[in-house]
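Have a look at the sequence and the 3D picture below. Take a moment to turn the model around before reading on.

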Amino acid sequence: MSSRGLASGIWMFLAASAAALCWAVAGPSEERKKELVRQLPESNQAQLEASRKRNTLLMQIIKESAESEKNVALERDWNKLSRSDPDSKTSW
């Protein structure tokens, strides 16, 4: 290996080490990581259930749309899909 290749390798190693050091210093602490995990939608049971319900309703609409010739998207009130109104007039 030539001295030029060796010097290039050393500089690459130093640059990678500096980047790793910056990542470790600037990255979130363990406390911040735990806080971020607590704020994820999957950690809140109510949000998780609402998300599952919304996904189920959307899949039902997609299935209905695929099985019919009409444009199902125009028939839905998409604002009511995001809310959980007990008096909504939709069939789902």
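What follows is a short tour of the helices, the surface and the salt bridges.

First, some ground rules. This is a predicted model, where local features need pLDDT of at least 70 and side-chain atom pairs count only at pLDDT 80 or more, while totals for chains, interfaces and linings use all residues. Residues are numbered from 1 along each chain as its sequence is written, and side-chain values use heavy atoms, with hydrogens and water left out.

**Overall layout**

Going along the sequence, you get the pattern α-α-α-α.

How much of the protein chain is buried? Of its 92 residues, 7% are buried. Buried means under 20% relative accessible area, exposed means over 50%, and partly exposed is in between (1.4 Å probe, protein chains only). The accessible surface of the chain is about 8,100 Å², and carbon and sulfur atoms own 59% of that. Such areas come from the Shrake-Rupley method with a 1.4 Å probe; for residues, only the protein chains shown count as cover.

**Salt bridges**

The count of salt bridges comes to three. To qualify, a side-chain nitrogen of Lys or Arg must be within 4 Å of a carboxyl oxygen of Asp or Glu. Here they are:

| glutamate 30 | lysine 33 | 3.7 Å |

Where do glutamate 30 and lysine 33 lie? Both are in helix 2 (residues 30-38), three residues apart, or about one turn of the helix. Glutamate 30 is exposed at 54% relative accessible area, whereas lysine 33 is partly exposed at 39%.

Helix 2 also holds arginine 32 and glutamate 35, again three residues and about one turn apart. Arginine 32 is partly exposed at 37%, and glutamate 35 is partly exposed at 30%.

Now hop over to helix 3. Glutamate 49 and arginine 52 sit three residues apart there, so about one helical turn separates them. Glutamate 49 is partly exposed at 39%, and arginine 52 is partly exposed at 47%.

**One more stop: serine 51**

Serine 51 is in helix 3, which covers residues 45-67. Is serine 51 buried or partly exposed? With 24% relative accessibility, serine 51 counts as partly exposed. Proline 41 is ten residues from serine 51 in sequence, and their C-alpha atoms are 8.6 Å apart in space.

Terms used
Helices (H or I, at least four residues) and strands (E, at least two) are DSSP runs, numbered from the N terminus.
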